[in-house]
Amino acid sequence: MAYNIFTQFVAADDITTIRANEVTTGLWTGDTGSLSAVYTSSVQVANSGEFYYDLYNGASPTTSDIQFSVAYGHVSGGGSPTLATNANSTLPTQVIYSQYRNILLAEDVEKFSFNGVDSNDIYVINIQRARLKQAIDPGNWQLGLSGSNGIFTFIDNSGLGTAVAGNLVANNVYEIRSGSLTAGLYTANTQSFGLVFPDFGVMILSPSAISSSVGLTGSNSVVDAKTKYPALNQPYAPYTGSAATSYQYQHEGLVRSISGSMAAGSPFIARSAESITSTNYFVRLKNSNYNYSNNPTYYTGSNPQNVLEPFRVKPITYATTIGLYNDQNELLAVAKLSRPVQKSTDKEALIRVRLDY
Amino acid sequence: MGYLDKSTITVDAILTNRGRELLSQGTGTGNFQITKFAVADDEVDYGLYNTAHPLGSNYYGAVIENMPVLEATPDETQIMRYKLVTITGNDLTRFGSVVIPQIVIQGTTLPANKTIYLYFDPTQGTNTITIRPITTYTDSSSETESVYTLMLADSTLASVEVVNPATGLVSANNRGSIVANGLEFNIKALNKTGTTSVSIYGGSSGAVYNFTLSTTASA
């Protein structure tokens with residue numbers, strides 16, 4: 001049979017080397033880049049609020065998506081009930097600190113360090129996996145925080161081209177500094193307020209630096225933090241003592257600071273970055289190939305099925321679709337042309353099919 | 001920023017459901033490995049090629065060439081239905097003129113509505129049909145292709161077994177359809193009433209044969 005519908009690719013000639021393109025989009029639901037309001041879920045807070053808060057983009061958790069989570073960690077469990085005071089304590093602040101230390105820091109490194117000083121506690125902002133895609137786009141995010149000193153915005157220092165080195169698992173970690181996307185780094189204050197781990201989608205903030213600069217004032221003492229300032233919606237620094245008898249929800253203060261900043265017109269702006277692998281397949285429709293069609297409008301009669309009269313002397317077809325197959329004749333990818341391409345014995349076509357995955 | 005090379009048409013491909021399924025298993029041998037291509041013209045109506053166009057021969061295909069083309073669908077059972085075919089050598093002349101082959105199911109005569117009924121209650125009728133395709137050119141000329149591809153859209157209604165070569169039952173893909181390659185197939189009704197479509201493609205000719213499969217308990 002001299003009928004053939006398939007053409008084999010010759011790898012060296014027809015398939016180009018795979019390369020990765022970085023694609024960025026808005027980080028938040030719907031690929032939007034700016035998040036101007038966040039909401040908590042009473043159900044989530046009741047279930048796991050002592051560890052972290054999930055923050056949604058809508059008031060109803062059933063119809064909105066988690067955007068990111070906020071947590072607080074303390075190296076020795078400060079702010080959590082000890083087992084001596086509460087035998088059922090789950091030591092949430094110690095769990096959080098240990099968890100992120102084990103994931104983000106090199107082996108045997110005990111504490112996170114900001115400005116060269118070890119920190120006993122951390123705030124954590126953890127971007128939801130579905131939002132993140134592959135990584136936070138370094139240099140293209142801005143976090144606003146509000147406090148008694150006003151609204152402050154923070155960005156990373158990736159624009160300087162120098163990643164934080166040493167004691168870290170990842171190699172593209174940047175300092176979180178005062179600044180904005182429009183004005184860049186605030187040169188009068190080179191203090192580090194934390195670290196961003198783009199590949200993990202995690203920001204680790206220094207509670208002491210944030211508290212003193214932004215003005216997270218007051219202590220929640222040993223009172224349940226989420227009920228301490230219910231009316232004032234006031235951000236406050238976490239309680240780090242060991243006298244707690246109940247869970248303190250230390251991260252509540254940072255949530256209120258973020259929420260307050262958004263309410264004042266300073267949203268959380270961020271983009272996600274993703275490496276897309278592209279392969280180009282060069283589809284060569286030579287002059288003698290693909291000049292007839294199985295399209296039922298291409299022939300007449302039933303047995304035999306004769307080609308329509310206009311195409312008997314000079315066969316012409318119109319290609320609209322390219323299918324990419326494996327050896328088992330399984331259609332793995334498909335591309336549509338923007339308009340039908342005429343094919344005949346005196347016309348050839350070269351079509352580059354790009355497949356991203 | 002440079003100018004695009006317009007001597008090459010560039011198009012973006014999307015993965016089909018089967019492609020996505022295989023890609024998730026890796027790009028090694030037997031998984032996601034693109035080795036060949038085919039070309040189709042699913043939405044073209046060649047009846048619109050107008051040799052009586054008032055502006056002359058340059059405009060015979062103008063209507064087709066300017067038609068909008070639909071975006072691709074990821075369902076591999078619903079796209080690439082009508083493939084362009086390369087015909088060379090003796091096949092260009094041996095029937096007097098070029099013939100587009102067709103598939104016939106040996107030993108089975110389909111009713112006019114091209115619907116095959118299977119009964120999953122075997123006391124009511126047959127629950128299995130054997131599909132043995134053959135490619136015909138004229139009344140007196142036919143041959144078996146090296147492989148045929150059978151697509152069953154709804155695997156909840158029937159199973160597909162490849163009996164030649166005897167490779168056994170074919171699993172459904174993650175979208176619930178079955179794609180089987182072989183020369184002879186058994187389609188057996190499962191215990192569910194419904195109607196689905198079956199397509200058979202010639203692996204070399206691209207000839208297509210479509211029929212409807214209806215499964216029911218009793219007549």
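Mentor: Before the interface, one term: buried area is the accessible area (1.4 Å probe) that two parts lose on being put together, summed over both. Note that this is a predicted model, where local features need pLDDT of at least 70, side-chain atom pairs count only at pLDDT 80 or more, and totals for chains, interfaces and linings use all residues. Residues are numbered from 1 along each chain as its sequence is written, chains are lettered from A and ligands numbered from 1 in the order in which they are written, and side-chain values use heavy atoms, leaving out hydrogens and water.

Trainee: OK, what area is buried between chain B and chain A?
Mentor: About 7,100 Å², and carbon and sulfur atoms give 58% of that. K36(B), F37(B) and Y46(B) supply 13% of the area that chain B buries against chain A, more than any other three residues.

Trainee: And how many residues are in contact?
Mentor: On chain B there are 78, and they meet 69 residues of chain A; contact means heavy atoms within 4.5 Å.

Trainee: How many salt bridges does the rule find across that interface?
Mentor: It finds 3, where a salt bridge is a side-chain nitrogen of Lys or Arg within 4 Å of a carboxyl oxygen of Asp or Glu. K336(A) forms a salt bridge with E43(B), with the closest N and O atoms 3.0 Å apart.

Trainee: Switching topic: which residue lies over the face of F6(A)?
Mentor: K36(B), at 4.2 Å from the ring centre. A charge sits over a ring if NZ of Lys or CZ of Arg is within 6 Å of the ring centre and within 35 degrees of the ring normal. Within chain B, the charged end of R94(B) is over the ring of Y137(B), 4.8 Å from its centre.

Trainee: How many aromatic pairs are there over all chains?
Mentor: The search finds 21. Rings of Phe, Tyr and Trp (its six-membered ring) pair if their centres lie within 6.5 Å; planes under 30 degrees apart count as stacked, over 60 as edge-to-face and the rest as tilted. One of the pairs is F68(A) with F268(A), which is edge-to-face at 5.3 Å centre to centre and 75° between the planes.

Trainee: Where do F68(A) and F268(A) lie?
Mentor: F68(A) is in strand β6 (residues 66-74) and F268(A) in strand β17 (residues 268-269) of chain A, so the pair ties together parts that are 200 residues apart in sequence.

Trainee: Is F68(A) buried or exposed?
Mentor: Buried, at 0% relative accessible area, and F268(A) is buried too, at 1%. The cut-offs are under 20% for buried, over 50% for exposed and partly exposed in between (1.4 Å probe, protein chains only).

Trainee: What about I125(A), where is its place?
Mentor: I125(A) is in strand β9 (residues 121-127) of chain A and is buried, at 0%. Not counting residues up to four places away in sequence, I125(A) touches several residues, including F68(A) and F268(A).

Trainee: Last one: how many residues of helix α5 of chain A are buried?
Mentor: 7 of the 9 in helix α5 (residues 207-215), so this helix is largely enclosed by the rest of the structure. Among them are I210(A) and V214(A).

Terms used
Helices (H or I, at least four residues) and strands (E, at least two) are DSSP runs, numbered from the N terminus.
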